[in-house]
Amino acid sequence: MRQPIIAGNWKMHLGRVDEALAFVRRIRHPLNEIEGIERVLCPPFSVLAAVAEVLLPTNISLGAQTMHWEERGAHTGEISPAMLEGLCKYVILGHSERRATESMAESDTAINRKVHSAMSHGLNPIICVGENLQQNEAGETHAFVVKQVRAALEGLTAEQAKKCVIAYEPIWAIGTGKAATPADVNRTIGLTVRGAIVELLGEEVAQAVRVQYGGSVNVENIATFMAMPEVDGALVGGASLKPDFVELVRRAKNF
Ligand code: PGA
């Protein structure tokens, strides 16, 4: 049995200590009471330590939004795995907003390095994969996502791979209000994401890895995704910034 996992990716929002703490203090108790589902908050680096303290008396986990693969060095503005170790349980790696060529241009190779580095620092990666609209319309989703999954997990042992979470996030569905259909998501996660893991590491690992859906998930549609047998949770952007994120997690629960 895979335990469902819902993660809130705040992106570049709620990054001032006062606003982050006000929000977390408001949601932490009701969110903490929801059992049977792992709940993760991924705030900006500027508030990670402050949020960590407020979450201490809860079972809510903390995640970072990215990291460098090196432990230390001349990398201006970067955050290293050693800096996150002990503070975060999770780290989002390879989000499409970081893979995008116009901003950070993260490559599959860089993401694989980060995955290995996270593993050696006790951090569980949430690895994002997903096709853009053009690829989707050209029928290239399967080949593209298989390539991303294979590249990200390359060189991991079965035990390491089982600790990874994969977030399938079609780029055209992120922040657009236009989510993919639950049936399409179920098929892509089952055939493409798990299919790639079967080829790489075998059936047992593929059945153990948790795979989330991400892209315009909200309080109204979360249950339709969670009802799908291949979907183990969601990576939630915009809808994780509002107090009814608690209600979203509640509705994700009973599947
Ligand atoms: P969204 O973002 O929920 O705002 O579409 C999801 C994500 O980018 O992880």
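Biologist: Where is Arg2 found?

Modeller: Arg2 is found in the segment before E1; strands (E, at least two residues) and helices (H or I, at least four) are DSSP runs, numbered from the N terminus. The model is predicted: local features need pLDDT of at least 70, side-chain atom pairs count only at pLDDT 80 or more, and totals for chains, interfaces and linings use all residues. Residues are numbered from 1 along each chain as its sequence is written, and side-chain values use heavy atoms, with hydrogens and water left out.

Biologist: What makes the pair Arg2 and Asp232 a polar contact?

Modeller: A polar contact is a pair of N or O atoms within 3.5 Å; within protein, one must be able to donate a hydrogen and the other to accept it, and residues adjacent in sequence count only if both atoms are side-chain atoms. The side chains of Arg2 and Asp232 meet this at 2.9 Å. The Arg2 side chain also reaches the backbone oxygen of Gln207, at 2.9 Å.

Biologist: Which residues does Arg2 touch, not counting those up to four places away in sequence?

Modeller: With contact taken as heavy atoms within 4.5 Å, Arg2 touches Arg194, Gln207, Ala208, Val209, Arg210, Pro229, Glu230 and Asp232. As for Ala118, which lies 116 residues away in sequence, its C-alpha is 21 Å from that of Arg2.

Biologist: Ala118 belongs to H5. How do you know that the length of H5 agrees with that of a helix?

Modeller: The expected span is 1.5 Å times one less than the number of residues. Helix H5 has 13 residues (108-120) and should therefore span 18 Å; the C-alpha atoms at its ends are 19 Å apart, which agrees. Gly122, with a positive phi near 70 degrees, follows H5.

Biologist: Which residues of H5 are buried, and what do they pack against?

Modeller: Buried means under 20% relative accessible area, exposed over 50%, and partly exposed in between (1.4 Å probe, protein chains only). The buried set in H5 is Asp108, Ala110, Ile111, Asn112, Lys114, Val115, Ser117, Ala118 and Met119. Their packing partners are helices H3 (81-84), H4 (96-99), H7 (141-153) and H8 (158-162), together with strands E4 (90-93) and E5 (124-129).

Biologist: Why is Arg99 called buried?

Modeller: Its relative accessible area is 14%, so Arg99 falls under the 20% limit. Arg99 lies in helix H4. Beyond its neighbours within four places in sequence, Arg99 is in contact with Gly94, Ala105, Glu106, Asp108, Ile111, Cys128, Val129 and Gln148.

Biologist: What makes His29 partly exposed and Pro57 exposed?

Modeller: His29, in helix H1, has a relative accessible area of 45%, so it falls between the two limits. Pro57 reaches 62% and therefore passes the 50% limit. Pro57 lies in the loop between helix H2 (48-55) and strand E3 (61-64), and its C-alpha is 9.6 Å from that of His29, 28 residues away along the chain. Outside four places in sequence, Pro57 touches Arg28 and Asn32.

Biologist: Why does Leu14 count as buried?

Modeller: Its relative accessibility is 17%, so Leu14 is under the 20% limit. Leu14 lies in the loop between E1 and H1 and has a positive phi of about 50 degrees, although it is not a glycine. Lys11 is found in the loop between strand E1 (5-9) and helix H1 (17-32), and its phi is also positive, near 55 degrees.

Biologist: How many residues surround the ligand, and which are the closest?

Modeller: A residue counts as near if one of its heavy atoms lies within 4 Å. The shell has 13 residues, and the closest are Lys11, His95, Glu169, Gly175 and Ser216.
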